[in-house]
Amino acid sequence: MSNSLRIATRKSPLAVWQAEEVSRRLQILHPGLDITLVRLSTRGDQMLDSPLSKIGGKGLFVKELEQALLENEADIAVHSMKDVPVSFPPGLGLSVILERDSPFDAFVSNRYDSPADMPPDAHIGSASLRRQAQIQARFPRFSVSPLRGNVNTRLAKLDADEFDAIILAASGLRRLGLGARIRSVLNADESLPAIGQGALGIETRLDDARVQSLIAPLDHAETRCCVSAERALNARLNGGCQVPIAGFAQLQGDRIHLRGLVGMPDGSRICRAEADGPANMPEALGTAIGEALLAQGAGDILASLGIAPAENFH
Ligand SMILES: NCc1[nH]cc(CCC(=O)O)c1CC(=O)O
C-alpha cells in the first residue's frame with residue numbers, strides 16, 4: 001500500500017480524462033508509484049433526466065467520491081472545482097488546486113459562428129441557469145431548453161438538430177480533443193464563468209501525510225488564490241453549481257480582481273459587481289463582492305429560486 005495511490009473519479013469521459021491527467025502528472029513526479037483509478041457513479045450522473053436545478057442538494061457529483069475517501073477505498077478524489085461544494089465532511093479537504101485551463105464558456109453550433117450571428121428566435125441548449133440567464137439577458141427572444149448528459153451526449157443532441165447552438169465549458173471540450181467544435185469562446189462580458197470553472201481540485205483525507213506530500217507539488221498558488229476568492233463569493237451567497245451565480249477572479253501582480261454576477265434565469269434581472277483587493281486576502285474580496293450583489297437585490301433573485309443567502313457573521 002505504501003507505494004500505491006488510488007484515485008477516485010466519476011465515470012464520465014471528461015472526469016476520467018481529468019483523473020488520468022492527475023495520474024500522468026503524479027507518475028512523472030513519482031515514477032515508481034503504482035497508480036490506479038477507482039471509477040464511481042454519482043447521483044448527478046444517474047439522474048440525467050432531471051434538470052440539475054430541480055434535483056437540488058449540493059455535491060451531487062462529489063458525495064460518492066468523498067464516501068470512498070472516508071471508507072478508505074481511495075486515497076484522493078479528482079474533481080472539477082466547479083462541482084465542489086464550499087464545505088467538506090469532517091476529515092476531508094481540498095489539498096491541491098491545479099493550474100487552471102480556460103475558464104470560459106464556448107459557443108458550439110453547426111450553423112452559426114456566435115450568438116450575435118443567430119436569428120432572433122434561435123433555440124439554445126443549456127442546463128446551466130447561469131448560462132441561460134446571461135444569454136437571455138443579451139438575446140431575450142432566444143429560447144433556451146435544458147440539455148444534460150456528458151459532453152458527447154450533448155454534442156450528439158446538437159448534431160441531431162435539437163438545438164441551433166449549445167454552450168459548454170471550453171476546457172471540457174479541449175480536454176476531450178473536441179476543441180475544433182468551438183465556434184467562438186464567450187468572453188467574461190458575454191458569459192461570466194462559473195465559480196472554479198476550468199480548474200481541477202484534489203480532495204484527500206487531511207491526516208494522510210504520505211498522500212499530502214505526494215500531491216503537494218501539483219498545487220498552483222495563483223489558481224488557488226483566484227478560486228478562493230470565487231468560492232468565498234459563492235459561500236456568501238450560499239450558491240452551488242445549480243444556481244445562476246457566476247464568479248471570475250484574475251491576478252494582476254499583487255492584486256486580485258473579482259467579478260461576480262447573479263441573474264434571473266429568464267435574463268430579466270442581472271446583478272453584477274466587481275472590485276479588486278490584495279492577493280493575500282482573496283476570501284475578503286469574495287465576501288465583499290457577495291455583499292455588493294446582495295445590496296443590488298441578488299438575495300431576492302436567489303430567494304425566488306428557493307435559495308436563502310448565508311447568514312452574515314461579521
Ligand atoms: N457540470 C459539468 C461540468 N463540470 C465541469 C465541466 C467543465 C470542466 C471544468 O470546468 O473544468 C463541466 C462541463 C461543462 O460545463 O460543459
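Predicted model: local features only at pLDDT ≥ 70, side-chain atom pairs only at ≥ 80, totals over all residues.
Close-up 1. As for handedness, α9 passes α10 in a right-handed crossing.

**Close-up 2. Residues from both helices make the contact between α9 and α10.** On the α9 side, look for C225, S228, A229, E230, R231, A232, L233, R236 and L237. Their partners on α10 are P282, E283, L285, G286, T287, I289, G290, E291 and L293. What kinds of residues are these? The contact of α9 with α10 divides into nine nonpolar, four polar and five charged residues.

**Close-up 3. Domain 2 and domain 3 touch each other.** To find your way, note that the chain is divided into domain 1 (4–100 + 199–219), domain 2 (105–186) and domain 3 (227–304). The C-alpha centres of domain 2 and domain 3 lie 24 Å apart. Where the two meet, eight residues of domain 2 are in contact with ten residues of domain 3. On the side of domain 2 that touches domain 3, there are four nonpolar residues, three polar and one charged.

**Close-up 4. Ten residues surround the ligand.** Now let's visit the ligand and its neighbours. The closest residues are S80, L168, A169, G172 and Q197. Which strand and helix each supply at least two residues of this shell? They are strand β8 (165–169) and helix α7 (170–175). Domains contribute too: the shell draws at least three residues from domain 1 and at least three from domain 2. By type, the shell around the ligand divides into three nonpolar, five polar and two charged residues.

Terms used
Residues numbered from 1 in each chain as written. Left-handed = near helix turned anticlockwise from the far one by under 90°. Helix = DSSP H or I, 4+ residues; strand = E, 2+ residues; numbered from the N terminus. Contact = placed C-beta atoms within 7 Å. Nonpolar A, V, L, I, M, F, W, Y, C, P; charged D, E, K, R; others polar. Domains from an automatic or database assignment. Near = placed C-beta within 6 Å.
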